[in-house]
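Please open the model in the viewer and display it as a cartoon.

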Amino acid sequence: MTSPDAVDVDQPLAVEVPAAPHDASGERVPIRDLAGLAPPAHPARRWTPRRVVVTPAALEHPHGQRIIARVRAQGIEVEHLRSNRLTGVRGQTDRETYARAKATMAIVVSPPSRRALQPIAPSADWRVDLAEGCPAHCQYCYLAGSLSGPPVTRVYADLDDILAGLAEYVGRGTVTSRNARRADEGTTFEASCYTDPLALEHLTGSWRRAVQHFADWDAPVQLRWTTKYADVDTFVGLPHAGRTRVRFSVNCAPVSERFEGGTARVPERLAALRRLALDGYPVGLTIAPIIALPDWRERYGELLAQVAAAVDGVPELDLTAELITHRFTPGSKEVLLGWYPRTRLEMDEESRSRKHGKFGAVKYVYPRETMAELRGWFHAELTARLPACQILLPGPNPPHPTPPHPPAS
């Protein structure tokens, strides 16, 4: 008999749209008091999971054995499961389950649904997953609303097969590979949709191997990923052929310091961005989620000044920026309030505009007037402070420099 506590770690962590439960139009959730103070956000140290498990199928893959060796070299015991069922994760409360799951890493084989790549416009042509789950504690987590169970981090042992399977997708995308204005990027593969690469790299080595794979690949291709961490030592000096763009997710101090627990501080991320840019990597900014604080112009102005200082003097700088405003769904709000019941993150439906996305999904975004103010200010300031920066827009991108007032995401 299957234990009710069991988690099937071979199944995807995030449910694909349209199956995600938060996509139901008109879903109602309880209103909770947000007046309390959230626990302070602590800076990042290398994640040391309290529990690491491996499934029988993962043991059959060379990269699975490499991950096990890396984990054991750090003094962490690896528990061999008899099947893909993991017990001992669910607690008496959502918060207890969350804490146990966030401290657990499972070495598994990627599910078939993840090996069949999906488009991911406007970010890249295709999404490729090397892992799912993240040890960070961001109180606005975009993954929260689409989780199918406790957020156990899954790292994929079949990395070699995943990378080998990418060749059939070259030239078939619609964001860059068939866009004359972004043809220099080739076919783009996004490798951080459901995880943070630098949070896991010291345990898996997966993204280093991916960078090498793309560098050796004789085709017009580019690997891209986003991180809130700064541990880039193993990437500096690594042959990359300019085919990996590393983007750093950044935010103004009140947001990053209050809502991004367990991540590297923004100055550390920007120092890492500079190191990679000096090493010839294309780099990028993901400014997200942009939150309309009462003094947002001043605060985001401080952030952009930090960015400008970080890239000052970098020769042949290749820098992009993506702008994503804060939004939430009814389902993600419910999950996040279960995880962070004392959060001060504003999630008030009454002050937002309600939008329906694909498949009837409901999300709450800033009103049109606020969005217009944000997009106009960010475009003007980025153009003035970082003239070499290309702002990536939803849909086909115009040639650099971009025209006035592009829409923020």
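The chain comprises 12 helices and 19 strands, taken as DSSP runs numbered from the N terminus (helices: H or I, at least four residues; strands: E, at least two). This is a predicted model, in which local features need pLDDT of at least 70 and side-chain atom pairs count only at pLDDT 80 or more, while totals for chains, interfaces and linings use all residues. Residues are numbered from 1 along each chain as its sequence is written, and side-chain values use heavy atoms, without hydrogens and water.

Colour by burial: 55% of the 409 residues are buried (under 20% relative accessible area, 1.4 Å probe, protein chains only).

Next, select helix H3, residues 94–102; its buried residues are Thr97, Tyr98, Ala101 and Lys102. They lie on the same side of H3, because they cover an arc of only 125° around the axis, taken from the directions from the helix axis to the C-beta atoms. Show also strands E5 (104–108), E9 (137–138) and E10 (153–156) and helix H11 (330–339), against which these buried residues pack.

Then select the open sheet of eight strands, ordered E6-E7-E11-E12-E13-E15-E16-E19 with mixed pairing; strands pair if DSSP finds at least two bridges between them. Its edge strands are E6 (118–120) and E19 (389–391). Within the sheet, E12 (221–227) and E13 (244–250) run parallel over five bridges, and Thr227 has Phe248 of E13 as its bridge partner.

Conventions:
Buried means under 20% relative accessible area, exposed over 50%, partly exposed in between (1.4 Å probe, protein chains only). Contact means heavy atoms within 4.5 Å.
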